[in-house]
Amino acid sequence: MDELEMIAFKIISGVGTARSCYIEAIHASKAGDYEQAERLIADGDESFVVGHEAHASLLTKEANEGQGSAVTLLILHAEDQLMSAEAFKIIAQEFIDAHKRIDALEAKVK
């Protein structure tokens, strides 16, 4: 496996784990476990950084070499996963906030 493939897999692994954490955070907040949801967001952020740093290294490598790297389906997939994870974090945070508001409103009704 060449260096470019290794970087792609590092991106996919890091941001894939992050995305899973963000989705689990939504489930935790739906169950009312906001502490767990926040922990999962934090864990996701840590994993996202790993993938993001690998992506940045790819960009740096391209900038330093002065020429474009071959864009492969694997690199496109890695970047797609990175963007998906970013979107899922935003969605997860919105769901957590919405679940908190729903719980607060339901508590007032009781």
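User: Before I look at glutamine 81, what does contact mean here?

Analyst: Contact means heavy atoms within 4.5 Å. Keep in mind that this is a predicted model. By that cut-off, glutamine 81 touches Val15 and Arg19, leaving aside residues up to four places away in sequence.

User: Where does glutamine 81 lie, and is it buried or exposed?

Analyst: Glutamine 81 lies in helix 3. Buried means under 20% relative accessible area, so at 15% relative accessibility glutamine 81 counts as buried.

User: How far is glutamine 81 from glutamate 62?

Analyst: In sequence the two are 19 residues apart, and in space they are 20 Å apart, C-alpha to C-alpha.

User: OK, how do I read a pair of packed helices?

Analyst: You describe two packed helices by the angle between their axes and the distance between the axes. Here, take helix 1 (residues 3-30) and helix 3 (residues 73-109): their axes come within 8 Å and cross at roughly 15°. Angles under 35 degrees count as roughly parallel, and helix 1 and helix 3 are therefore roughly parallel to each other. Sorted by class, their contact has 20 nonpolar, 5 polar and 4 charged residues.

User: And which elements build the largest nonpolar core?

Analyst: That core has 24 residues, and those with the most contacts inside it include Ile11, Val15 and Phe48. Helix 1, helix 2 (34-65) and helix 3 are the elements that give two or more residues to it. Helix 1 gives the most, with 11 residues.

User: What does isoleucine 11 touch?

Analyst: Beyond residues up to four places away in sequence, isoleucine 11 touches Gly16, Gly51, Ala54, His55, Ala78 and Leu82.

Terms used. Residues are numbered from 1 along each chain as its sequence is written. This is a predicted model: local features need pLDDT of at least 70, side-chain atom pairs count only at pLDDT 80 or more; totals for chains, interfaces and linings use all residues. Side-chain values use heavy atoms; hydrogens and water are left out. Axes are lines fitted to C-alpha atoms, for helices over the stretch in contact, and angles run from 0 to 180 degrees between N-to-C directions. Helices (H or I, at least four residues) and strands (E, at least two) are DSSP runs, numbered from the N terminus. Angles under 35 degrees count as roughly parallel, over 145 as roughly antiparallel, 65 to 115 as roughly perpendicular and the rest as oblique. Ala, Val, Leu, Ile, Met, Phe, Trp, Tyr, Cys and Pro count as nonpolar, Asp, Glu, Lys and Arg as charged, and the others, Gly among them, as polar. A nonpolar core is a set of buried Ala, Val, Leu, Ile, Met, Phe, Trp, Tyr and Cys residues joined through side-chain atoms within 4.5 Å. Buried means under 20% relative accessible area, exposed over 50%, partly exposed in between (1.4 Å probe, protein chains only).
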